[in-house]
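Good morning, colleagues. Please look at the sequence and the structure as I bring them up.

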Amino acid sequence: MDFTDSERYKVGDQTIAQDIEQLKIIRGDDPLSATFVIGNEDHTLGNSLRWIINKDPRVEFCGYSQPHPSDKLIKLRIQPKRPMEGEEPLDATEILRDGLRNMMQLCDHLAETVRTKSTEFREKHGLPIPMYDVEDDDDDEDMEEEEDYESQEDNNSNIEPVDEDENDSEN
């Protein structure tokens with residue numbers, strides 16, 4: 001690792017430390033347990049994965065650490081429960097894979113729920129509805145949509161915010 005590289009210590013999504021492996025698996029005495037060293041990640045992924053994986057009934061222990069705040073890596077330890085007699089042993093990599101899948105499904109569900117509820121709210125209150133296009137990477141179109149949205153927002157500046165407490169007291 002090059003500790004003199006200033007890019008290594010910048011914070012944000014745009015900076016990626018090139019000298020860190022994306023994933024390294026460390027095995028100890030227990031062949032089913034593992035510590036996963038995940039490069040270019042921090043507490044955002046670590047705590048989310050820890051929470052989701054600990055919800056899995058097949059897991060005895062899951063924890064993570066970020067060894068140093070300026071290091072762009074986390075260490076995620078997964079220990080599966082011991083298999084009962086006649087059961088197939090479960091490897092920590094399978095649990096990690098399932099945890100990542102579950103987290104992706106949770107994020108997709110959350111994004112869709114926010115989109116739906118936001119659209120319902122905006123329709124109800126006569127506000128402009130922005131176009132949600134997650135897969136569009138064309139920055140020029142995004143900038144045009146922002147400008148259109150801002151001009152629509154100026155046109156709707158006379159709309160009063162709704163206080164839910166007032167609506168409840170009227171009924």
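The largest nonpolar core holds 17 residues, of which Phe 36, Leu 49, Ile 53, Leu 76, Ile 78 and Leu 96 touch the most other members. Two or more residues of this core come from each of S2, H1, S3, S4 and H2. By nonpolar core I mean a set of buried Ala, Val, Leu, Ile, Met, Phe, Trp, Tyr and Cys residues joined through side-chain atoms within 4.5 Å. Buried stands for under 20% relative accessible area, exposed for over 50%, and partly exposed for what lies in between, with a 1.4 Å probe and protein chains only. In soluble globular proteins, nonpolar side chains tend to be buried together.

A word on the source. This is a predicted model, in which local features need pLDDT of at least 70 and side-chain atom pairs count only at pLDDT 80 or more, while totals for chains, interfaces and linings use all residues. Residues are numbered from 1 along each chain as its sequence is written, and side-chain values use heavy atoms, with hydrogens and water left out.

Now to the overall plan. The protein has 4 helices and 4 strands, and from the N terminus on its elements follow the order β-β-α-β-β-α-α-α. Helices (H or I, at least four residues) and strands (E, at least two) are DSSP runs, numbered from the N terminus. Of the 171 residues in the protein, 25% are buried. Contact, here and throughout, means heavy atoms within 4.5 Å. Among contacts between residues at least 6 apart in sequence, 50% join residues at least 24 apart.

Let us turn to the sheet. The 4 strands form an open sheet in the order S1-S2-S4-S3, with antiparallel pairing. Its edge strands, each pairing on one side only, are S1 (23-26) and S3 (59-65). On average, neighbouring strands of this sheet are turned by 15° against each other, direction ignored. Two strands count as paired if DSSP finds at least two bridges between them. Strands of a sheet pair through backbone hydrogen bonds, either parallel or antiparallel.

How many bridges join S2 to S4? There are 6 between S2 (residues 34-39) and S4 (residues 73-80), and the two strands run antiparallel. Gly 39 has Leu 73 of S4 as its bridge partner, and Thr 35 stands opposite Arg 77 in S4. S3 and S4 are also antiparallel and are joined by 6 bridges; here Cys 62 has Ile 78 of S4 as its bridge partner. Leaving out residues up to four places away in sequence, Ile 78 touches Ser 33, Ala 34, Phe 36, Ile 53, Phe 61, Cys 62, Ala 92, Ile 95 and Leu 96.

Lys 24 counts as partly exposed because its relative accessibility is 41%. Beyond residues up to four places away in sequence, Lys 24 touches Thr 35, Phe 36 and Val 37.

Next, the loop between S2 and H1, where Asn 40 has its place. Asn 40 is not a glycine, yet has a positive phi of about 60°. Is Asn 40 buried or exposed? With a relative accessible area of 17%, Asn 40 is buried. By contrast, Gln 18, in the segment before S1, is exposed at 72%.

Finally, helix H2. H2 has 33 residues and reaches 47 Å from its first C-alpha to its last, close to the 48 Å expected at 1.5 Å a residue; the expected span is 1.5 Å times one less than the number of residues. The buried residues of H2 include Ala 92, Ile 95, Leu 96 and Met 103, and among them are also Asp 98 and Arg 122. Just after H2, Gly 126 takes a positive phi of about 65°.

The Asp 91 side chain makes a polar contact with the side chain of Thr 93 at 2.3 Å. A polar contact is a pair of N or O atoms within 3.5 Å; within protein, one must be able to donate a hydrogen and the other to accept it, and residues adjacent in sequence count only if both atoms are side-chain atoms. Leaving aside neighbours within four places in sequence, Asp 91 is in contact with Arg 27, Pro 31, Leu 32 and Pro 80. Thank you.

Technical notes. Axes fitted to C-alpha atoms, helices over the stretch in contact; angles between N-to-C directions.
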